[in-house]
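Biologist: I have a model open and would like to talk it through. Could you take my questions one at a time?

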Amino acid sequence: MTNARTNSNSFINNLLSIGLDSYTGERLMNDFKDGIADALLYENMKENNISDMYKQGYDFGITIYCQLKEQD
């Protein structure tokens, strides 16, 4: 879990370096993680008020899901 937290902090620091505030960086990261979770756990995308980062996370999660299904 520490590695994931470190990666999350690194992501936010990268966003800060390009001029995004920490709130925006955290929101983007949370949207991405929510998209992954929805893809892997529910196999269903939210329908309203979704961000581009959520969509990217969902696409990433679906890719992982499909690869896992191929291994079974």
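Modeller: What follows is a conversation about this model, topic by topic.

Biologist: What should I know about conventions before I start?

Modeller: This is a predicted model, in which local features need pLDDT of at least 70 and side-chain atom pairs count only at pLDDT 80 or more, while totals for chains, interfaces and linings use all residues. Residues are numbered from 1 along each chain as its sequence is written, and side-chain values use heavy atoms, with hydrogens and water left out.

Biologist: What is the mean pLDDT of the protein?

Modeller: The mean pLDDT is 82, and 72% of the residues reach 70 or more, where pLDDT is the predictor's confidence in each residue, on a scale from 0 to 100.

Biologist: And where is confidence lowest, and where highest?

Modeller: Confidence is lowest in helix H1 (residues 2–17), with a mean of 60, and highest in H3, with a mean of 93. Where pLDDT is low, the predicted coordinates should not be read in detail.

Biologist: How many helices and strands are there?

Modeller: The protein has three helices and zero strands, and its pattern along the sequence reads α-α-α. Helices (H or I, at least four residues) and strands (E, at least two) are DSSP runs, numbered from the N terminus.

Biologist: Which residues of H3 are buried?

Modeller: Met53, Tyr54, Gly57, Tyr58, Gly61 and Tyr65 are buried in H3. Seen down the helix axis, the buried residues of H3 fall within an arc of 135°, so they line one face of the helix; the arc is that of the directions from the helix axis to the C-beta atoms. On the other side of H3, Asp52 and Glu70 are exposed. Buried means under 20% relative accessible area, exposed over 50%, and partly exposed in between (1.4 Å probe, protein chains only).

Biologist: What is the span of H3?

Modeller: H3 has 20 residues and reaches 29 Å from its first C-alpha to its last, close to the 28 Å expected at 1.5 Å a residue, the expected span being 1.5 Å times one less than the number of residues.

Biologist: Back to burial, why does Met29 count as buried?

Modeller: Met29, which is placed in helix H2, counts as buried because its relative accessibility is 12%. Met29 and Gly57 are 28 residues apart in sequence, with 9.2 Å between them in space, C-alpha to C-alpha.

Biologist: What about Tyr58, buried or exposed?

Modeller: Tyr58 is buried, with a relative accessible area of 12%. The C-alpha atoms of Tyr58 and Asn44 are separated by 8.8 Å, although the two are 14 residues apart along the chain. Asn44 sits in the loop between H2 and H3 and is partly exposed, with a relative accessible area of 48%.

Biologist: Which value stands out for Glu43?

Modeller: Phi of Glu43 is near 55°, a positive value in a residue other than glycine. Most residues other than glycine have a negative phi. Glu43 is found in the loop between helix H2 (22–42) and helix H3 (52–71), and it counts as partly exposed because its relative accessibility is 49%.

Biologist: Changing topic, which residues form the nonpolar patch on the surface?

Modeller: Leu40, Leu41, Tyr42 and Leu68 form that patch, with about 430 Å² of accessible area together, and the largest share, three residues, comes from H2. One of the four, Leu40, is partly exposed, with a relative accessible area of 32%.

Terms used:
Patches are made of residues with over 30% relative accessible area and no salt bridge: like charges are joined within 9 Å, nonpolar side chains (Val, Leu, Ile, Met, Phe, Trp, Tyr) within 5 Å. Accessible areas come from the Shrake-Rupley method with a 1.4 Å probe; for residues, only the protein chains shown count as cover. A salt bridge is a side-chain nitrogen of Lys or Arg within 4 Å of a carboxyl oxygen of Asp or Glu.
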